[in-house]
Amino acid sequence: MATTLNAVVTHRIEVASGLIILRVAPDDWELPAWESGQFAVLGLPESAPRTMLSDPEPENTTDSKGQASDKLIRRAYSIASTPEEATYLEFYITLVHSGALTPRLFALKPGDPVFLGKKISGMFSLDDVPEGNNLVLVGTGTGLAPYMSMLRSELECHLDLHTVVLLGARHSWDLGYRGELIAMQRYCQTFHYIPVISRPEQEILKWSGQTGYVQDLWDRGLVEMAMGIKPRPDSTHVLLCGNPGMIEGMIERLGQEGFAEGTRQKPGQVHAEKYW
Ligand SMILES: Cc1cc2nc3c(=O)[nH]c(=O)nc-3n(C[C@H](O)[C@H](O)[C@H](O)COP(=O)(O)OP(=O)(O)OC[C@H]3O[C@@H](n4cnc5c(N)ncnc54)[C@H](O)[C@@H]3O)c2cc1C
């Protein structure tokens, strides 16, 4: 197993209960070149311990002697760090309590070994967004990860082009990277960060921001209000990342306003990455 776990956890940041930022560095090998928006594969063996926060191990993952196997569990994770950072990759991960891998990733601490796939893949990038377009980045939860990479590395502050981040979470404390996004907003007047929470009744301090789901913000015209102009397909591209329900809801709304989802055969103004 020692040869399979080819990377090491360098940082573990607890964002909120069930939300972590993990930095993973290759152990004696070099990261390949990659671009913002892409994902890497993390893995741990079935024998790795699960965090106490998660559901217990389902019984069918043990062998006849009741031992968990060394079979590697692998899953895709969008990279939140910038490609310029050659020594580690940063991931923003939510705990799926009943899941196979995330309960094991949540048990990791700095110095622990982990599997990191040597291939970095994915088509979700700014490559298909022609220059001169406004950009609306819509995400739920950890669907913010690829946008953090894009914002940290590729986006410039243009006076006449807007970038809007619409981010949905259950609670205000689940809004990861909030300080960094607010700082970006302070430095760039055409960058707009609009978080929305869906469980305002559970807030400890009264939440004065938007409530509901990201789709509601689109319906309420929040993007238009932020940009000062109506987002139209001839001048705006929309990226969608995270919960498939949100992505389907947004594609339907955007379709009614003339936006089309890009495919390999036909370019469009909507680009989506579903997490499950
Ligand atoms: C291209 C790509 C990039 C991804 N990037 C990220 C990322 O940056 N951060 C991240 O946390 N996850 C990301 N995921 C999801 C990730 O690959 C795993 O599916 C997730 O971590 C659950 O793994 P698991 O083994 O614990 O759960 P599994 O045992 O595989 O259970 C899967 C079930 O968990 C639920 N689920 C999966 N992902 C989530 C989620 N993010 N939030 C809530 N419920 C979920 C769904 O119901 C799904 O059917 C990405 C997926 C893809 C395809």
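Q: What kind of model is it, and how are residues numbered?
A: The model is predicted: local features need pLDDT of at least 70, side-chain atom pairs count only at pLDDT 80 or more, and totals for chains, interfaces and linings use all residues. Numbering runs from 1 along each chain as its sequence is written, and side-chain values use heavy atoms, with hydrogens and water left out.

Q: What is the relative accessible area of Trp173?
A: It is 35%, so Trp173 is partly exposed. The classes are buried under 20%, exposed over 50%, and partly exposed in between (1.4 Å probe, protein chains only).

Q: New topic. How many salt bridges does a search of the whole structure find?
A: Eight. The criterion is a side-chain nitrogen of Lys or Arg within 4 Å of a carboxyl oxygen of Asp or Glu. One of them joins Glu90 and Arg23, at 2.8 Å, N to O.

Q: Which strands does that pair tie together?
A: Glu90 lies in strand 5 (residues 89–94) and Arg23 in strand 2 (residues 19–26), so the bridge ties together parts 67 residues apart in sequence.

Q: Is Glu90 buried or exposed?
A: Glu90 counts as buried, because its relative accessibility is 2%.

Q: What about Glu180 and Arg152?
A: Their side chains also meet in a salt bridge, at 2.7 Å, N to O. Glu180 is in helix 3 and Arg152 in helix 2 (residues 145–153), so to speak distant parts of the chain, 28 residues apart. Glu180 is partly exposed at 30% relative accessibility, and Arg152 is partly exposed at 26%.

Q: Which residues are linked in a network of salt bridges?
A: Arg23, Glu90, Arg152 and Glu180.

Q: On to rings. How many aromatic pairs are there?
A: A search of the whole structure finds three. Rings of Phe, Tyr and Trp (its six-membered ring) pair if their centres lie within 6.5 Å; planes under 30 degrees apart are stacked, over 60 edge-to-face, and the rest tilted. Among the pairs is Tyr92 with Tyr177: centres 5.2 Å apart, planes at 85 degrees, so edge-to-face. Tyr92 lies in strand 5 and Tyr177 in the loop between strand 8 and helix 3, so parts 85 residues apart in sequence are tied together. Both tyrosines, Tyr92 and Tyr177, are buried.

Q: How do the rings of Trp218 and Phe259 pair?
A: Their centres are 6.3 Å apart and their planes at 80 degrees, so Trp218 and Phe259 are edge-to-face. Trp218 is in helix 4 (residues 214–219); Phe259 is in the loop between helix 6 (244–256) and strand 12 (270–274), 41 residues apart. Both Trp218 and Phe259 are buried.

Q: Which charge lies over a ring face?
A: Arg74 lies over the face of Phe115, at 4.7 Å from the ring centre. The test is NZ of Lys or CZ of Arg within 6 Å of the ring centre and within 35 degrees of the ring normal.

Q: Last topic: which cysteines form a disulfide?
A: Cys157 and Cys188, with sulfur atoms 2.0 Å apart; the cut-off for a pair of cysteine sulfur atoms is within 2.5 Å. The structure holds one disulfide. The link of Cys157 and Cys188 is right-handed, with 90 degrees about the S-S bond. Cys157 is partly exposed at 43% relative accessibility, whereas Cys188 is buried at 10%.

Terms used
Helix = DSSP H or I, 4+ residues; strand = E, 2+ residues; numbered from the N terminus.
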